[in-house]
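Dear colleague,

I am handing over the structure below, together with some notes on what was found in it. Please read the notes with the coordinates open beside them.

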Amino acid sequence: MKRVLMTRSAASAVFLKRVLSAILLSALLLPGADALAASPDLQNTIPRGGQRGSEVKVTLMGNRLDDAEELLFHSPGISVKDLKVIDTRKVEATFVIAPDCRLGEHHVRVRCRSGISYARNFWISQFPNVAEVEPNDDFEAPQAIDLNVTIEAEAKPEETDYYKVTAKKGQRLSVEIEGLRINNVRNNIAIDPFVAILDKDRFELASADGSALLKQESIVSVIIPEDGEYTIEVRDSAYQGRGRYRAHIGTFPRPTAIFPAGGKAGTEVEFSMLGDVKGTFKTKATLPQSTPEGTFGVLAGHEGQFPPSPNRVRISDFDNVLEQEPNNSSTQMKEVAAPALPLAFNGILESEGDIDYFRFSAKKGQRFRMRVYANTIGSPVDPVLNLYDSTMKSLGGSDDADGSKDSRVDFNVPADGEYLVRVKDMLNRGGPDFVYRIESEVRKPVLDVTMPEMLRRDLQYRKQFNVPRGGYYAMTVNTTRRDFSGDLVFEMPKLPAGVTWESATIPKSVSQFPILLKAAPDAPLGGGLYSLHVKNTDAEKPLSGTFKQPLDLVRGPQNGVEYYTRYNEDLPVAVVEELPFSITVDQPKVPIVRNGMMKLKVRAHRKEGYDKRIIVRMLWKPPGITTPASMTFGEKDTELEYELNANSSAEVNTWNIGVLAESDGGKGLMKTASPFVKLSVEEPFVNMKLSMATTKQGLPTEMVAEVENLREFGGKADVQLFGLPAHATTPVVKIDQSSEGFSFPIETSEKTPVGQHKNLFCTVTVLKEGQPIVHRVGMGGVIRVDPKPKEPVAAPAKPAETKVVAKTAPKEKPLSRLEQLRLEAKKEAAAQ
């Protein structure tokens with residue numbers, strides 16, 4: 001999916017106005033020229049790169065750089081002279097680039113007296129830099145340049161840049177852009193480059209909008225058809241770019257793929273460079289034992305020149321198997337030998353619909369992770385991986401895995417025998433540079449060492465360890481054990497002069513652990529890039545891991561997704577100037593118990609006149625311990641209480657704990673840490689169960705508590721009931737070691753809410769050496785409050801006597817006319 005910078009001109013103007021207003025306001029609020037420097041911020045450099053074997057004057061842009069003293073590079077080949085601070089946002093220096101400096105991407109940091117900045121990239125080319133000369137946005141009036149140069153330029157909205165070269169028939173003309181990777185625009189893409197090569201009649205010989213090899217960066221090569229002038233067009237793919245780019249324009253080779261796509265660590269491998277317009281050529285490279293990313297960049301020279309960026313290959317512990325055609329079906333593999341795993345299978349899906357099979361053998365109970373490397377190393381293949389037994393019964397399959405387009409299948413071998421692995425492209429595509437590599441990774445013990453993400457979408461935040469003179473800084477380290485268990489220890493073989501470190505054994509149950517750095521009061525200001533190792537304590541099965549840090553150099557929409565991230569194994573550490581404040585934590589005199597709580601006393605020690613807010617947060621939380629995310633000292637506060645809570649499964653042990661602190665003295669955040677104190681987690685002294693209580697509004701009741709004594713404690717313990725409804729009270733009750741139960745007398749009022757009130761609990765405070773040890777027990781107590789009783793209804797008043805009147809005989813009902821006639825007829829009949 002294409003993501004491009006969507007900045008509009010009007011929106012940019014509004015944004016710029018707001019930014020300038022904010023900068024002006026900040027300047028007015030600064031306490032003066034002697035404001036304390038902190039948090040140096042390197043944003044980018046101009047130019048973004050230079051030619052190896054040359055000296056390049058570079059301007060480093062950012063914020064809070066006015067106390068810069070040194071530049072730190074993560075890899076050799078670049079030194080610095082004539083470092084000069086221009087102002088708080090600008091530093092100038094001359095980069096002296098060695099003739100044998102590695103081509104491609106390097107990483108640089110600024111070390112100031114106040115700390116070390118984030119890492120930013122700087123690119124080394126084989127060609128000299130040539131600055132863009134405006135105007136060059138008209139095809140009829142392009143900027144004329146020589147071949148084999150690197151253009152340093154700026155992409156602007158709704159603008160296209162044109163460069164004219166003169167080339168001869170049969171020459172290779174290549175263009176490669178560094179655009180997306182070299183700009184640091186928060187949560188946005190500065191340029192999504194498009195490039196084209198046009199002849200004098202504006203006929204397009206080739207164009208590119210992104211590439212499989214370099215993702216959204218564009219590469220293009222042609223063989224010049226006839227002597228003459230040719231024009232290179234460079235722009236943002238959506239005409240909305242706003243950032244710098246480097247365009248390498250020349251006769252250099254540009255292979256789009258490399259085969260095989262990996263090799264065995266520490267060996268020399270011959271590679272075929274595929275996809276260059278002049279055809280396939282060979283090169284040899286010796287692979288290192290390891291790299292932070294597990295890959296190695298092969299820069300293959302051809303006719304005296306090199307591509308600007310390498311083709312990356314995998315480094316593995318096992319041998320290569322190279323594809324041998326025909327291998328498009330399982331039947332074609334019946335006569336092929338079945339070597340035993342672990343191996344790496346390498347192939348090319350050379351044409352549309354190509355499917356490749358490899359045969360191998362394995363033993364029952366062996367465990368392998370079959371993983372395809374293609375898209376992640378710059379191949380256009382979107383692989384689908386399948387495993388089969390010798391009868392073609394499916395044993396697993398995968399399309400995308402681990403957040404990439406590459407595939408992975410975990411394979412537990414069911415029986416001794418021969419098996420097949422099949423790979424194809426998801427859309428049945430193919431081509432001469434559709435390379436892939438299937439590694440059968442052995443499930444073996446691995447120890448990964450990283451640091452937690454301290455700020456969402458910013459992997460470099462708090463990964464620079466600036467230790468104030470006479471003070472402390474701390475880090476929390478993640479240790480991930482895979483396929484092994486056991487205790488671990490840290491190793492820091494070298495640190496800046498005057499800096500020492502402190503930690504403890506990392507228990508096997510814990511994956512996150514703190515390490516504390518301390519600088520002596522007279523430690524010289526300085527710093528550099530250092531190593532942090534973690535190893536297990538089992539001398540018979542030694543295992544170690546090295547800290548690896550991701551550098552999220554480019555993040556874009558949507559929501560700051562990672563676009564371009566590199567990895568290194570360097571830990572930036574520096575001694576910085578003394579801060580105007582320090583932080584300590586009082587050593588707890590008693591333990592915290594499971595299902596208990598404790599209030600740590602944290603103290604701020606301020607130099608005279610420093611009255612800024614100080615924010616503190618726990619450095620880390622031992623297993624089962626919870627705390628507030630942060631707490632704040634007011635502008636003149638010197639003490640606060642930091643509450644710790646232990647759950648029922650908090651691990652019983654003694655832990656190093658401390659707090660991190662930060663304060664803005666007017667020029668960025670200053671950061672420090674407290675010394676470690678020991679926190680002991682122990683089993684509780686008592687437990688308690690609450691029986692359900694019932695009452696009616698306004699009536700007293702009792703809640704019965706059953707006490708379970710778990711450990712001896714002396715004297716009396718205070719028990720307090722929490723969670724009662726409003727307008728209900730009970731006093732503190734005292735118990736001792738002999739108590740087996742007691743009752744809370746509870747008073748209610750007519751205003752106590754009716755209903756069943758849940759989640760009552762007790763605190764039991766045991767005193768030890770005069771210090772409280774607080775338990776939370778009896779969780780889930782219940783009291784039911786019924787409506788108050790109704791008052792009895794009064795008897796009704798006796799009614800007044802009434803005079804009884806005797807009833808009179810009712811009057812006879814008069815006869816109807818018919819009844820009268822009948823009566824007369826009866827009388828006449830009786831008379832006869």
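Helices (H or I, at least four residues) and strands (E, at least two) are taken as DSSP runs and numbered from the N terminus. The model is a predicted one, in which local features need pLDDT of at least 70 and side-chain atom pairs count only at pLDDT 80 or more, while totals for chains, interfaces and linings use all residues. Residues are numbered from 1 along each chain as its sequence is written, and side-chain values use heavy atoms, with hydrogens and water left out.

Asn44 lies in strand S1 (residues 41–46), and it counts as buried because its relative accessibility is 19%, where buried means under 20% relative accessible area, exposed over 50%, and partly exposed in between (1.4 Å probe, protein chains only). Apart from neighbours within four places in sequence, Asn44 is in contact (heavy atoms within 4.5 Å) with Thr59, Leu60 and Met61.

An open sheet is formed by 4 strands in the order S28-S33-S30-S31, with antiparallel pairing, two strands being paired if DSSP finds at least two bridges between them. Strands S28 (355–362) and S31 (394–398) stand at the edges with a single partner strand each, so one side of each has no neighbour in the sheet. Strand S30 (residues 383–389) pairs with S31 over 4 bridges.

Best regards
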